[in-house]
Amino acid sequence: MLLLTLLLAVAVFILLAFFRATVLSWLLAFMVIVPVVAIQARLSQTVIQVVYFLLVSCVILFGIPVLRRKLVSAALLKLYRRILPVISATEQEAIDAGSVWWDGELFSGHPNWDKLLAYPKCGLSADEQDFLDNEVEALCSMLDDWDITHNLADLPESVWQYIRERGFFGMIIPKEYGGLGFSAQAHSAVIAKIASRSGTAAVTVMVPNSLGPAELLLHYGTDEQKEKYLRRLARGQEVPCFALTGPFAGSDAGAIPDYGILCRGEFDGKMNVLGVRLNWEKRYITLAPKATLLGLAFKLYDPDGLLGDEVNRGITLALIPSGTEGVRIGRRHFPMNSAFLNGPTEGKEVFIPLEFIIGGAARIGQGWRMLMECLASGRSISLPASSVGGMKMAARTSGAYCRVRKQFNLPIGQFEGVEEALARIGAHTYMTDAARGFTALALDMGEKPSVISAIIKYHSTERGRCVINDAMDVHGGKGISLGPDNYLARTYQQVPIGITVEGANILTRALMIFGQGAIRSHPYVLKEVQASGEADHDKALRLFDDALFGHVGFVLSNAARSLVFGLTGGRGIHVPRGVVCRRYYQQMTRFSSAFALSADLAMAVLNGSLKRREKISARLGDVLSLLYLCSATMKRFADDGRPSSDLPLVHWAMQDAFYRMQQALGGVIQNFPNLFIRCMLRVLIFPLGKRINPPSDRLGHEVARLLMTPGEARDRLTLGMYIPKDETQAIGALEAALLCTLECEPLQAELVAAHRSGKLSAMEELQRILEARDIGLISEEQVRLLKRDHALRRKVIMVDDFDHRELQRP
Ligand SMILES: Cc1cc2nc3c(=O)[nH]c(=O)nc-3n(C[C@H](O)[C@H](O)[C@H](O)COP(=O)(O)OP(=O)(O)OC[C@H]3O[C@@H](n4cnc5c(N)ncnc54)[C@H](O)[C@@H]3O)c2cc1C
């Protein structure tokens with residue numbers, strides 16, 4: 001009987017936790033259960049009285065908010081203030097920057113899927129679509145990436161001119177300043193399309209539209225600065241760059257040694273001008289070699305007190321015309337055989353007037369915050385778009401190539417080993433493109449999602465790396481031999497650039513995604529931190545008490561939910577009406593609860609040391625990221641009208657993501673430094689063990705077949721990439737070869753059968769075609785078709801060769 005009561009009690013407590021019951025409901029449950037247990041356990045009257053006394057004390061202590069705050073929360077607040085890890089000023093500004101969007105739902109342990117599906121669909125306006133179909137299409141047709149990267153080491157002047165004149169540099173500049181005023185969605189689509197044709201052109205277009213002078217001026221520039229520069233930037237009359245990184249400050253950009261001293265000097269013939277004398281040494285700066293307008297980050301000092309008492313004024317940003325005396329630009333780095341302009345810049349004792357500071361004197365010292373705030377938009381668009389452009393190109397060409405290229409008398413895509421690679425290529429491209437569009441949607445909804453920007457930057461470039469590696473593998477020597485007909489190798493070579501810039505990936509995964517998310521996107525942590533920093537004691541106590549007890553309920557609830565969902569595999573969780581992939585929504589909710597629980601325990605137990613425990617932080621970040629990618633995938637599938645032909649891609653991507661989440665959480669638990677928590681997490685999250693499998697071979701086969709078969713699913717997957725119609729170009733020929741191969745398949749089978757049976761004796765394919773015609777096996781029309789197929793296949797299979805001297809540098 002007692003055992004039954006105890007089990008019942010546990011069930012009641014799990015239910016209370018599951019439904020996030022109030023403090024009073026908990027106390028009420030204790031008031032009923034504890035005496036029953038005490039009586040059944042035949043405890044003495046004295047013990048029962050003590051139990052009652054304790055219970056009543058708890059009711060008074062926790063149930064009456066005024067008392068709870070004074071007697072419990074005040075002591076805990078004191079302790080909290082003592083153990084709160086030190087957050088540096090730059091970290092604080094990074095945390096404060098941007099906004100929380102869907103990441104907040106994922107941190108909640110209970111995401112609202114109706115809300116996800118109710119977000120608007122990703123789409124373009126008529127003007128934007130027109131620009132893509134005309135200007136971008138025309139630009140792509142002008143780009144010869146081999147000529148650009150191998151011969152010219154730059155874009156041809158005609159392309160520079162076209163880019164400038166057609167407003168490509170002003171996509172983010174509003175129409176009132178002569179820019180295109182595009183949505184994030186359109187901006188992203190433009191970059192993706194260009195990137196599917198030429199990485200060099202994509203980088204050239206994306207940098208002025210990313211974190212740089214235009215973006216900074218739009219948000220922080222003075223009216224005069226906006227008037228002076230935005231129109232010129234929009235028309236391409238200025239080529240901008242932005243210089244933050246230097247030889248001695250890379251990932252730790254807040255540590256830049258470049259400095260400026262406030263002083264008076266001579267400028268433009270005027271004496272005694274209040275300004276800054278600057279010294280800097282920067283490197284890796286994209287577009288710097290041709291820039292006319294240099295955005296510069298430096299630390300500003302005011303030793304003579306010209307603007308007040310503070311000597312160290314902090315990181316400040318300025319816009320400096322590159323013709324200013326003392327500015328040195330022009331030399332080039334050579335990043336991975338790309339031809340976009342990138343190089344160092346230096347300045348010694350360069351004097352600039354105060355009005356060169358972005359936002360003027362009022363913005364002195366706010367540079368880091370300005371950069372952090374703007375980083376979210378740039379990072380959410382440029383790199384995801386360029387990665388996805390490359391992935392689409394790799395997916396479309398790999399599918400076609402694997403169908404056209406035969407070995408052992410079979411298209412290579414029919415070999416299971418190649419299928420594995422094709423499955424990854426297709427599904428990663430689908431999921432990453434979904435996340436690209438979903439993130440651009442956030443920006444168009446007015447968000448500046450800092451945590452999501454780190455997620456999408458990291459995962460789009462990593463998945464891009466995986467896809468292009470697989471594409472290279474399935475192309476064999478075709479991918480390796482450089483030349484005008486190689487459409488893959490330059491994209492492959494450029495992968496590390498996206499991995500390194502705008503927050504190098506190892507750092508982004510290890511420190512930023514979870515590190516920032518844990519504070520920023522968590523429903524209570526930021527409130528607790530803010531409450532602990534509140535100067536007014538009563539207000540601090542009230543806010544802290546609310547956050548703390550909300551947080552306790554949140555943790556208990558996630559513990560109960562993790563356990564229940566772990567036992568049921570998430571079955572029974574409410575999902576939006578009419579959805580096709582019900583189980584995936586349930587699995588996402590299950591993992592969201594498990595993630596929220598592990599995140600809280602990691603923060604509570606590891607506290608300040610979590611910063612150093614990058615491997616734990618990285619794995620937690622992986623779970624958060626995968627939940628984000630899965631949400632985007634479900635959203636995309638729903639927005640596309642849930643076409644059944646896309647299901648292989650959706651299933652593979654989702655199942656792979658759940659398997660990865662399981663492994664990541666398993667890794668957190670296995671490496672958790674506290675034995676008790678380790679065991680507890682294992683029981684709560686995986687009570688029946690790790691039961692999720694990776695996608696099956698059969699599913700992989702379906703994805704591979706989808707990539708190799710012309711049709712709506714393949715077209716949807718690669719929508720927005722540039723496909724040349726000209727069959728003299730490598731990708732144009734590949735497209736035609738795929739169609740022709742499929743059309744000729746029955747004829748080819750007939751020829752093979754005739755050859756085997758001895759009806760045809762010619763050894764060489766073209767001769768055999770003619771022989772077949774001569775014996776009346778095929779018609780003239782069929783001869784033409786087979787000859788075309790042969791020519792196209794040959795064009796696809798052949799690689800470029802060069803005269804020895806052509807490859808030698810003059
Ligand atoms: C082609 C190219 C274009 C660029 N364009 C610009 C530009 O226009 N403007 C500009 O200002 N900068 C630009 N950059 C600079 C770029 O942002 C930096 O390269 C980047 O910040 C990394 O700095 P770093 O190369 O010095 O590497 P490092 O900072 O030396 O990092 C090396 C490795 O250590 C890892 N790491 C560092 N700290 C940690 C940590 N705490 N935890 C885990 N891992 C860590 C990094 O992830 C990386 O893998 C560009 C760089 C390149 C290569």
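**Ligand, pocket and cavities**

Modeller: Start with glutamate 614: an N or O atom of its side chain is 2.8 Å from a nitrogen atom of the ligand. A polar contact here is a pair of N or O atoms within 3.5 Å; within protein, one must be able to donate a hydrogen and the other to accept it, and residues adjacent in sequence count only if both atoms are side-chain atoms.

Biologist: How much of the ligand does the protein bury?

Modeller: The protein buries 68% of the 970 Å² that the ligand exposes when taken alone. Areas come from the Shrake-Rupley method with a 1.4 Å probe; for residues, only the protein chains shown count as cover.

Biologist: Before we go on, what are the ground rules?

Modeller: This is a predicted model, so to speak of local features we need pLDDT of at least 70, side-chain atom pairs count only at pLDDT 80 or more, and totals for chains, interfaces and linings use all residues. Numbering starts from 1 along each chain as its sequence is written, and side-chain values use heavy atoms, with hydrogens and water left out.

Biologist: OK. Which residues come nearest to the ligand?

Modeller: Leu244, Thr245, Ser251, Tyr284 and Glu614, out of 21 residues around the ligand. A residue counts as near if one of its heavy atoms lies within 4 Å.

Biologist: What does the side chain of serine 251 do there?

Modeller: An N or O atom of the serine 251 side chain is 2.7 Å from a ligand oxygen atom. For threonine 286, a side-chain N or O atom is 3.0 Å from a ligand nitrogen atom.

Biologist: And the make-up of that shell, by class?

Modeller: 13 nonpolar, six polar and two charged residues. Ala, Val, Leu, Ile, Met, Phe, Trp, Tyr, Cys and Pro count as nonpolar, Asp, Glu, Lys and Arg as charged, and the others, Gly among them, as polar.

Biologist: Switching topic. What is the volume of the second largest pocket?

Modeller: About 760 Å³. The search uses a 1 Å grid over the protein atoms alone: a pocket is an open set of points with protein on both sides within 12 Å along at least five of seven lines, a cavity is a set where a 1.4 Å probe fits but cannot get out, and lining residues have an atom within 4 Å of a point. Points are joined across faces, edges and corners, and a volume is the space filled by probe spheres set on them.

Biologist: Which residues lie nearest its centre?

Modeller: Lys392, Asp433, Arg436, Leu719 and Gly720, from a lining of 31 residues. That lining has ten nonpolar, seven polar and 14 charged residues. Helix α16 gives the largest share, five residues. Helices are DSSP runs (H or I, at least four residues), as are strands (E, at least two), numbered from the N terminus.

Biologist: How do arginine 436 and aspartate 433 meet?

Modeller: In a salt bridge, 2.7 Å from N to O. The cut-off is a side-chain nitrogen of Lys or Arg within 4 Å of a carboxyl oxygen of Asp or Glu. The two are about one helical turn apart, because three residues separate their positions in α16.

Biologist: How many salt bridges does the structure hold?

Modeller: 38.

Biologist: Last one: how many cavities of 30 Å³ or more?

Modeller: Two. The largest holds about 50 Å³, and α15 gives the most to its lining, four residues.
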